Amino acid sequence: IADLRVRRDDLDLRWFDARAAFVFPNTEQSLLVVPANAYPDPIFAAHLPLADAERHATLDSYFDTLIWNPQKVLDVWMADGSLTVASPPVRFGGAVELVAFQSPAAARIGESASTITFWRVTDPAALGPRSPINYAPEAALFLHVLDASGNLITGDDRLQAPAWNWRAGDVFAQIHRAVIPQGAAPGEYRLEVGVYTMPDIVRLPRTDGGDAAVIGTMWVAPP
């Protein structure tokens, strides 16, 4: 529907919700269009040259445009020491690979713990044929917080860089926010991530075995 509204065959478009996800196209120059009602989350905004953006007024709001270098921004972020780089990347089903992440060391019961994961698209077709009820392939990322026995205590499943718009070579980042429930016991918990297709909820297998990647542990403290 969005492609039909733009009606430009000469553009290679990426669609994502910058309030929780961000796509870094595999190119050194791109035009970023930011509507006022979907401005980048501060985690992303801190790494973008938004001060160079040009503002355009509309009848009731505005939008910003920015000519930027996605690969340069991504390379600088990957090298600044704030992320854990997966070496080698963890490949899921031949479709995407986990290349980096930033996970919380601690959180309090009742609080929201934020994790950010970075994924490189390798082959969108590996997601399989589209479902009869979807017009394009659909998928979701999961973040699970598990106790010492492997029980799920909370999590956050989402994908705001939609799979139907994936392009091989692009990298996208997704923010997950998991609320630690009141009934959780203080202690150490394991963080796992992975990918599943929709609507069948089938996890993509890791090429080296399993269907999830452990990205660290988090200490949960009393409220």
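Start by selecting Arg203: at 33% relative accessibility, Arg203 counts as partly exposed (buried means under 20% relative accessible area, exposed over 50%, partly exposed in between, with a 1.4 Å probe and protein chains only). Before you click on, note that this is a predicted model, where local features need pLDDT of at least 70 and side-chain atom pairs count only at pLDDT 80 or more, while totals for chains, interfaces and linings use all residues. Residues are numbered from 1 along each chain as its sequence is written, and side-chain values use heavy atoms, with hydrogens and water left out.

How many salt bridges does a search of the whole structure find? It finds 12. Go next to Asp64 and Arg55, whose side chains meet at 2.8 Å, N to O, in another one. Asp64 is buried, at 3% relative accessibility.

Then pick Arg177 and Asp41, a salt bridge at 2.6 Å, N to O. This pair links distant parts of the chain, 136 residues apart: Arg177 sits in strand β11, Asp41 in the loop between β2 (30-35) and α2 (42-45). (Helices, H or I of at least four residues, and strands, E of at least two, are DSSP runs numbered from the N terminus.) Arg177 is partly exposed at 33% relative accessible area, whereas Asp41 is buried at 10%.

For a network, show Asp12, Arg14, Arg167 and Asp170 together: salt bridges link them.

Time for the sheet. Colour β1-β11-β8-β6-β5 in that order and you have an open sheet of five strands with antiparallel pairing (two strands pair if DSSP finds at least two bridges between them). At the edges are β1 (21-24) and β5 (84-92), each pairing on one side only. Neighbouring strands are turned by 25° against each other on average, direction ignored.

Zoom in on β6 (residues 96-102) and β8 (residues 112-121), which pair in the antiparallel sense over six bridges. Select Glu97 and look across to β8, where Arg120 is its bridge partner.

Last stop: helix α3 (residues 70-79) lies across β1, β5, β6, β8 and β11 (171-179), running at about 115° to β1. Axes here are lines fitted to C-alpha atoms, for helices over the stretch in contact (heavy atoms within 4.5 Å), and angles run from 0 to 180 degrees between N-to-C directions.

Key
Salt bridge = Lys/Arg side-chain N within 4 Å of Asp/Glu carboxyl O.
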